[in-house]
Amino acid sequence: MRVVAIIPAYNEASTLAEVIKYTQPFVDVVVVVNDGSKDQTAQIAFACGAQVVSHVINRGLGAAIGTGLEAAKRLQADVAITLDGDGQHDPREIPAFVRAILEGADMVIGSRMLTRAGMPWYRQVANFLGNIVTFVLFGVWVTDSQSGFRAFSRRALETIEIHTNRMEVSSELVAETKQKQLKLVEIPIQAIYTQYSLSKGQNFFVGLKTLGKLVLRRLM
Amino acid sequence: MTFLQGFLLLFFLFALVRTIKQFRKHQMPVYWALLWVMVWLIAGVVVLLPQTTDIAARLVGVGRGVDVVIYLALVLLFYLVFRLYARQETIEREITKLVRNIALDRKEDDADKTV
């Protein structure tokens with residue numbers, strides 16, 4: 001069985017090496033999608049032994065995840081895991097995702113809301129709003145629609161189509177599982193919050209923009 | 001005819017000619033050309049004969065003709081903004097496809113070189 005980790009990265013030079021190093025023991029291949037970074041992200045990823053796919057210009061999280069899933073498909077992955085490059089996710093939890101896929105899930109979401117430990121209250125509120133928007137627009141209820149720690153089965157890799165480019169991809173992936181009749185499972189994860197990872201999140205205005213794009217995604 | 005009426009009529013005439021030219025060069029589909037021709041003709045009639053809007057106002061139950069024009073203009077503007085937004089979104093998706101294919105092809109080229 002081939003497990004491929006996908007790390008979308010935009011200017012993550014300060015944390016990426018550690019993330020790759022701690023991920024490698026749990027997967028067969030690490031693919032870093034360098035989303036038009038201005039720093040040494042690509043060089044660091046390459047030096048750490050990851051496969052690097054570089055966007056010539058920055059296209060956003062959704063575009064990077066789409067490219068990563070396509071790369072995983074070309075690498076004949078049986079399981080693809082996405083995790084953030086900012087060190088927020090603990091790679092030691094990857095086996096639990098793989099187990100869930102082996103037990104029949106097509107997409108696994110690592111939910112921070114099932115444990116909530118260490119999660120700032122405003123992040124909990126933002127996530128809850130994201131869950132409500134996802135439910136209202138796409139009719140699927142999950143406890144952490146915005147989580148970046150996910151796993152995909154080969155079937156999911158072959159059927160999921162990503163159209164959105166930016167943060168709205170999280171809700172779109174949930175919507176795709178319903179549209180393509182894929183089995184969605186959530187497992188609890190423990191997020192690691194640092195000053196750095198908190199600075200990478202969505203602010204209020206980006207959240208509004210994401211909402212607008214999701215409405216358009218629903219209409220188009 | 002006031003100066004403003006003359007100016008607006010000239011502008012609508014210019015816009016009408018541009019629409020027809022674009023349609024002839026196949027740069028605009030027939031339904032869009034028809035819609036825009038209608039918009040410019042109606043706008044011309046409204047500017048030349050403002051009292052005609054009162055008939056429309058009575059028909060839809062709005063007090064003054066000029067209010068009907070403003071409401072319709074707002075609806076049209078909202079619709080056009082939505083269309084532009086949707087078009088921009090489509091272009092964004094196309095750019096992403098292009099960037100993705102370039103990225104994946106380059107990676108495969110690099111892999112071929114190292115074999």
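Which residue in E3(A) is the bridge partner of Val31(A)? In this predicted model, the partner is Gln51(A). Helices (H or I, at least four residues) and strands (E, at least two) are DSSP runs, numbered from the N terminus, and two strands pair if DSSP finds at least two bridges between them.

A quick word on conventions. Residues are numbered from 1 along each chain as its sequence is written, while chains are lettered from A and ligands numbered from 1 in the order in which they are written. Since the model is predicted, local features need pLDDT of at least 70 and side-chain atom pairs count only at pLDDT 80 or more, whereas totals for chains, interfaces and linings use all residues; side-chain values use heavy atoms, with hydrogens and water left out.

Strand E2 of chain A covers residues 29-35, and seven of the seven are buried, so this strand is largely enclosed by the rest of the structure. Here buried means under 20% relative accessible area, exposed over 50%, and partly exposed in between (1.4 Å probe, protein chains only). In a regular strand the side chains alternate between the two faces of the sheet. One side of E2(A) carries Val29(A), Val31(A), Val33(A) and Asp35(A), the other Val30(A), Val32(A) and Asn34(A), and both faces are covered.

E2(A) has strand neighbours to look at. Strand E1 (residues 3-9) of chain A runs parallel to E2(A) and is joined to it by six bridges, with Ile6(A) standing opposite Val31(A). To get from E1(A) to E2(A) the chain passes through helix H1 (residues 16-23) of chain A, in a right-handed β-α-β crossover. Right-handed means that, with the strands pointing away from the viewer, the path from the first strand over the helix to the second runs clockwise. Strand E3 (residues 51-55) of chain A is also parallel to E2(A), with five bridges between them. Asp35(A) sits opposite His55(A) in E3(A). E2(A), helix H2 (residues 41-47) of chain A and E3(A) together form a right-handed β-α-β unit.

Elsewhere in chain A, Pro95(A) turns up in helix H4 (residues 94-102). Pro95(A) is partly exposed, with a relative accessible area of 32%.

Chain B is built from four helices and zero strands, giving the pattern α-α-α-α along the sequence. The C-alpha trace of chain B spans about 80 × 30 × 25 Å along its principal axes, and 25% of its 115 residues count as buried.

Most residues other than glycine have a negative phi, and most peptide bonds are trans. Gln76(A) has a positive phi of about 60°, and lies in the loop between helix H3 (61-74) and strand E4 (79-82) of chain A. His26(B) likewise has a positive phi of about 60°; this residue belongs to the loop between H1 and H2 of chain B and is exposed, with a relative accessible area of 73%.

On a 1 Å grid over the protein atoms alone, a cavity is a set of points where a 1.4 Å probe fits but cannot get out, and a pocket is an open set with protein on both sides within 12 Å along at least five of seven lines; lining residues have an atom within 4 Å of a point. Grid points are joined across faces, edges and corners, and a volume is the space filled by probe spheres set on the points. The second largest pocket holds about 770 Å³. Its lining counts 23 residues, with Val39(B), Ile42(B), Ala43(B), Val69(B) and Leu72(B) nearest the centre. H2(B) gives the most to this lining, with ten residues. By class, the lining has 21 nonpolar, two polar and no charged residues (Ala, Val, Leu, Ile, Met, Phe, Trp, Tyr, Cys and Pro count as nonpolar, Asp, Glu, Lys and Arg as charged, and the others, Gly among them, as polar).

A search of the whole structure finds one cavity of 30 Å³ or more. Residues lining the largest cavity include Pro8(A), Leu61(A), Asp84(A) and Arg150(A).
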